[in-house]
Amino acid sequence: MAESEGGEYVRQSAIEFILHPLDTPSAVPAPRCTHGSCILLARVFADFSGRPPSFFWSCATHRSSKGCTVHIDAARWSQAALRKQGWLWTKHGTSSATQADSGHNELSLKSSVSHHAPETVAKLSTLSDDKSNAQYFFDREATEFIMSLVLQHYGELSIASPSPIPYALFWGCPTLFESFLKRPQTSCPSEYGILADLDVRFRVMFEGWKVCNLNMCSADGLESMQSLMSHKHIGAVIIDPPFGIPLPALARSLHHVLLKQERQPLVCLILPYFLESAVTEFLPGLRMLDTRIGYSTHPRYVGDASPVRVFTNARQSLVPRPSSRLAYWMCKVCNQWRHPTNFHCPLCNTCVNKGGVGHVHCSHCNKCVKKTYSHCFNCGKCHPAEPCQGKRSKTCDICQQPDHTRCACPQFRKLVLSAIAGFPVKSSGP
């Protein structure tokens, strides 16, 4: 953070996702670190210094240098000396990917983690690094709600298309996968469930079932997942990602996982409600349910106080009523189950109190805002009571022009194309 002349603290730079490894040109493949394929990122400077953004390849698994130190300049990677596909980048230089992976065979994996794997997920010691693992397990009410939604979807599928039985992919959801295996299945037997998780302990805990590693940012492990399937049909994908995951990267990974599906599968994405605008931008087919999703191992996101919600493409008729412990009510206008603290605003034509903090309608902004906000006639917006920072013009922080933002900047696109040796960049949406 840096202080401007007016005393306002502004963020000096931001990291943005640019390119998914499966979308890279064949002539310049994405580099690989010891954790798998890397993703292309950009550091964009927002201090109006005129500095162009810098592009680099980084580990798709660890979002912190503590987990992986790989940071490869994009221009350097594009040089002919590093264009040999299959090479692996480490902090000591380059080496053969085959050599680096040779020590991770199934026998050594089982022997190294077998004594760390308990019988149930609830007894498992969670991995505490939020920037790579972010391992938190759903509580009982959340598990029951999500599983009811999945099973109702499969019940409808069995009527519409009795065979073949599509697979259910639990992506980063070991609690749900365990519940899926334990309950009696009619529409979707247990052998059609797949757990995709980077924690290798689950391969021991659920030995004999379909478990694989599948990276949410890079889709590394996709071929391994597909090898577990006797056919290509997927009926449901339930995803519990780290909350700081680059959503464009997750959207591209999900697109590749569901490529060539004949029918639209059920998708359930678990994220906080304040990421709704980002989710609808990159995954426009999902809408947010009002059910609170709690975690049994999170210090703050517990029960009714949790800001976590389910984003899904499920039809409303398949969404079960949430916990009977709370008086969820059906909004007849929105046709959705709503939390007791939520209410419908006829002026906004939607239920607006998504976080439970209280909202009022501002006639000047023509929308509902938090009760703690007041309308400011200086900047024309509602904000907290602290001094107004004045009107801020939306200018591009790449070329400083006022008629567009960074995403639509022609100069920014040229910089991206140059960073990957002149090859076109595919869209980040699915």
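Me: Let's start with Thr291: buried or exposed?
Reply: Thr291 counts as buried, at 7% relative accessibility. Keep in mind that this is a predicted model.

Me: Why does 7% count as buried?
Reply: Because buried means under 20% relative accessible area, and Thr291 comes in at 7%.

Me: Where is Thr291 in the fold?
Reply: In the loop between β15 and β16.

Me: And what is Thr291 in contact with, apart from its sequence neighbours?
Reply: Setting aside anything within four places in sequence, the list is Phe145, Val308, Arg309, Pro322 and Tyr328.

Me: Which cavity does Thr291 line?
Reply: The second largest cavity. Its lining is made up of Leu289, Asp290, Thr291, Gln316, Val319, Gln336 and Trp337.

Me: How much space is in there, and what classes of residue line it?
Reply: About 40 Å³ of space. By class, three lining residues are nonpolar, three are polar and one is charged.

Me: How many cavities of 30 Å³ or more are there?
Reply: Two.

Me: OK, zooming out. How many helices and strands does the chain have?
Reply: Ten helices and 24 strands. The chain has 430 residues, and 47% of them count as buried.

Me: What share of the contacts join residues at least 24 apart?
Reply: 59%, taken among contacts between residues at least 6 apart in sequence.

Me: Now the sheet with β14 in it. What's the strand order?
Reply: β12-β11-β10-β13-β14-β16-β15, seven strands in an open sheet with mixed pairing.

Me: Which strands stand at the edges?
Reply: β12 (210-212) and β15 (287-288). Each has a single partner strand, so one side of each is left without a neighbour in the sheet.

Me: How does β14 pair on the β16 side?
Reply: Antiparallel: five bridges join β14 (residues 266-272) to β16 (residues 308-312). One of the pairs is Leu269 with Phe311 as its bridge partner in β16.

Me: And with β13, parallel or antiparallel?
Reply: Parallel, over four bridges. There, Val237 stands opposite Val267 in β14.

Me: How many residues of β14 are buried?
Reply: Seven of the seven, so β14 is largely enclosed by the rest of the structure.

Me: What about side chains along a strand, where do they point?
Reply: In a regular strand they alternate between the two faces of the sheet.

Me: Which strands does helix α5 lie across?
Reply: α5 (residues 174-182) lies across β10 (167-171), β11 (193-196), β12 and β13 (234-239). The helix runs at about 160° to β11.

Me: How many of the α5 residues are buried?
Reply: Eight of the nine, so α5 is largely enclosed by the rest of the structure. The buried ones are Pro174, Thr175, Leu176, Phe177, Glu178, Ser179, Phe180 and Leu181.

Me: And α8, mostly covered or mostly open?
Reply: Mostly covered: α8 (residues 247-257) has ten of its eleven residues buried. Among them are Arg252, Ser253 and His256, along with Leu247, Pro248 and Ala249.

Me: What comes up in the loop between α8 and β14?
Reply: Lys260 lies there. Phi of Lys260 is near 70°, a positive value in a residue other than glycine.

Me: Why flag a positive phi?
Reply: Because most residues other than glycine have a negative phi.

Me: Is Lys260 buried or exposed?
Reply: Exposed, with a relative accessible area of 67%.

Me: Which residue in the turn of the β21 and β22 hairpin has a positive phi?
Reply: Asn366, at about 60°, although it is not a glycine. Asn366 is exposed too, with a relative accessible area of 57%.

Me: How are β21 and β22 put together?
Reply: β21 (residues 359-362) and β22 (residues 367-370) pair in the antiparallel sense over four bridges. They form a hairpin with four residues between them. Within that pairing, Val369 in β22 is the bridge partner of Val360.

Conventions:
Residues numbered from 1 in each chain as written. Predicted model: local features only at pLDDT ≥ 70, side-chain atom pairs only at ≥ 80, totals over all residues. Heavy atoms only, no water. Pairing = 2+ DSSP bridges. Helix = DSSP H or I, 4+ residues; strand = E, 2+ residues; numbered from the N terminus. Contact = heavy atoms within 4.5 Å. Axes fitted to C-alpha atoms, helices over the stretch in contact; angles between N-to-C directions. 1 Å grid on protein atoms, 1.4 Å probe; cavity = no way out; pocket = protein on both sides within 12 Å on 5 of 7 lines; lining within 4 Å. Points joined across faces, edges and corners; volume = space filled by probe spheres on them. Nonpolar A, V, L, I, M, F, W, Y, C, P; charged D, E, K, R; others polar. Buried < 20%, exposed > 50% of the residue type's maximum accessible area, 1.4 Å probe, protein only.
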